[in-house]
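I opened my notebook beside the model and went through it a piece at a time. Here is what I looked up, in the order I did it.

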Amino acid sequence: MPEIIAYTDGACSGNPGPGGWGALLIAKDGDTVLKQRELKGGEPETTNNRMELLGAINALESLSRPSRITIVTDSAYVKNGVTSWIHGWKRNGWRTSQKKPVKNEDLWKRIDAAQSRHDVTWEWIKGHAGHPENERADELARAGMAPFKPRRGG
């Protein structure tokens, strides 16, 4: 079974503001790259955290059959949320430990459903630290945001 690695990222111009998400999916057999796929998208008014979540969600939802996948994110919010915090939120009816509604509940429910079909490993890496695949995911996120950014000049 090929190994799938997805490098995901989000970007926002202003927070909130126009934003984009990106994902670079790589299917490998050992050291041999079998296939690469790039995904991107954006929204006119969003937050960085929502875009980080959508990068991972779209990577998972793009897989047509249950797969073993490693999601590599530079977002501690996504990694900690999906591997730790989400269990308490679900137990508490989507409330935080302070009894407040969970921010981005719609996307947390979506990522929870998307990952339930797969065998997912979550990894955090430092962003903008020279990881070529993470840099590509960042470029895709910025490209996904581009159509929603106001044009400068005249």
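**Entry 1: helix H4**

I began with H4, which has 14 residues and reaches 20 Å from its first C-alpha to its last, close to the 20 Å expected at 1.5 Å a residue. I noted beside this that I am working with a predicted model.

Next I asked which residues of H4 are buried. My list reads Asn134, Ala137, Asp138, Leu140, Ala141, Gly144 and Met145. They cover an arc of only 160° around the axis, so they sit on the same side of H4. I then looked for what covers these buried residues, and found that E1, E2 and E3 are included.

Asparagine 134 belongs to helix H4, which runs over residues 132-145. Is asparagine 134 buried or exposed? Its relative accessibility is 2%, and buried means under 20%, so asparagine 134 counts as buried. Leaving aside neighbours within four places in sequence, I found asparagine 134 in contact with Tyr7, Thr8, Asp9, Asp74, Ile125, Lys126, Gly127 and His128. I also checked asparagine 134 against asparagine 48: they are 86 residues apart in sequence, and their C-alpha atoms are 16 Å apart in space.

Then I stepped past the end of the helix. Alanine 146 lies in the segment after H4. I wrote down "partly exposed" for alanine 146, because its relative accessibility is 36%. In sequence, alanine 146 and glycine 20 are 126 residues apart, yet from C-alpha to C-alpha I read 7.7 Å.

I turned to H1, which has 14 residues and spans 20 Å between its first and last C-alpha, close to the 20 Å expected at 1.5 Å a residue. How many residues of H1 are buried? I found 11 of the 14, so H1 is largely enclosed by the rest of the structure. Among these buried residues are Arg50, Met51, Glu52 and Leu53.

For H3, residues 105-116, I noted 12 residues and a reach of 16 Å from first C-alpha to last, close to the 16 Å expected at 1.5 Å a residue. Its buried residues are Leu107, Trp108, Ile111, Asp112, Ala114 and Gln115. Their arc around the axis is only 165°, which puts them on the same side of H3. What do the buried residues of H3 pack against? I found helix H1 (48-61), helix H2 (76-91) and strand E5 (119-124).

**Entry 2: backbone angles**

I reminded myself that most residues other than glycine have a negative phi, and most peptide bonds are trans. With that in mind, I looked at two residues in the loop between H2 and H3.

Tryptophan 94 is found in that loop between H2 and H3. Its phi is near 60°, a positive value in a residue other than glycine. Tryptophan 94 is buried, with a relative accessible area of 12%.

Lysine 99 is also placed in the loop between H2 and H3. I read its phi as near 70°, again positive in a residue other than glycine. Lysine 99 is exposed, with a relative accessible area of 63%.

Which residues does a cis peptide bond join? They are asparagine 15 and proline 16, and omega is about 15°. Proline 16 lies in the loop between strand E1 (3-12) and E2.

**Entry 3: glycine 17**

Glycine 17 has its place in strand E2. At 4% relative accessibility, glycine 17 counts as buried. Not counting residues up to four places away in sequence, glycine 17 touches Cys12, Glu43, Pro44, Glu45 and Thr46. I also looked up threonine 47, which is 30 residues from glycine 17 in sequence and 6.5 Å away in space, C-alpha to C-alpha.

**Entry 4: the largest pocket**

Last, I looked for open space. The largest pocket has a volume of about 380 Å³. Of the 16 residues that line the largest pocket, Ile4, Ala27, Leu63, Arg65 and Ser67 are the closest to its centre. I sorted the lining into 8 nonpolar, 4 polar and 4 charged residues. Strand E2 (17-29) and strand E3 (32-46) each supply at least two residues of that lining.

Note on methods
Residues numbered from 1 in each chain as written. Predicted model: local features only at pLDDT ≥ 70, side-chain atom pairs only at ≥ 80, totals over all residues. Heavy atoms only, no water. Helix = DSSP H or I, 4+ residues; strand = E, 2+ residues; numbered from the N terminus. Buried < 20%, exposed > 50% of the residue type's maximum accessible area, 1.4 Å probe, protein only. Contact = heavy atoms within 4.5 Å. 1 Å grid on protein atoms, 1.4 Å probe; cavity = no way out; pocket = protein on both sides within 12 Å on 5 of 7 lines; lining within 4 Å. Points joined across faces, edges and corners; volume = space filled by probe spheres on them. Nonpolar A, V, L, I, M, F, W, Y, C, P; charged D, E, K, R; others polar. Expected span 1.5 Å × (residues − 1). Arc of directions from axis to C-beta.
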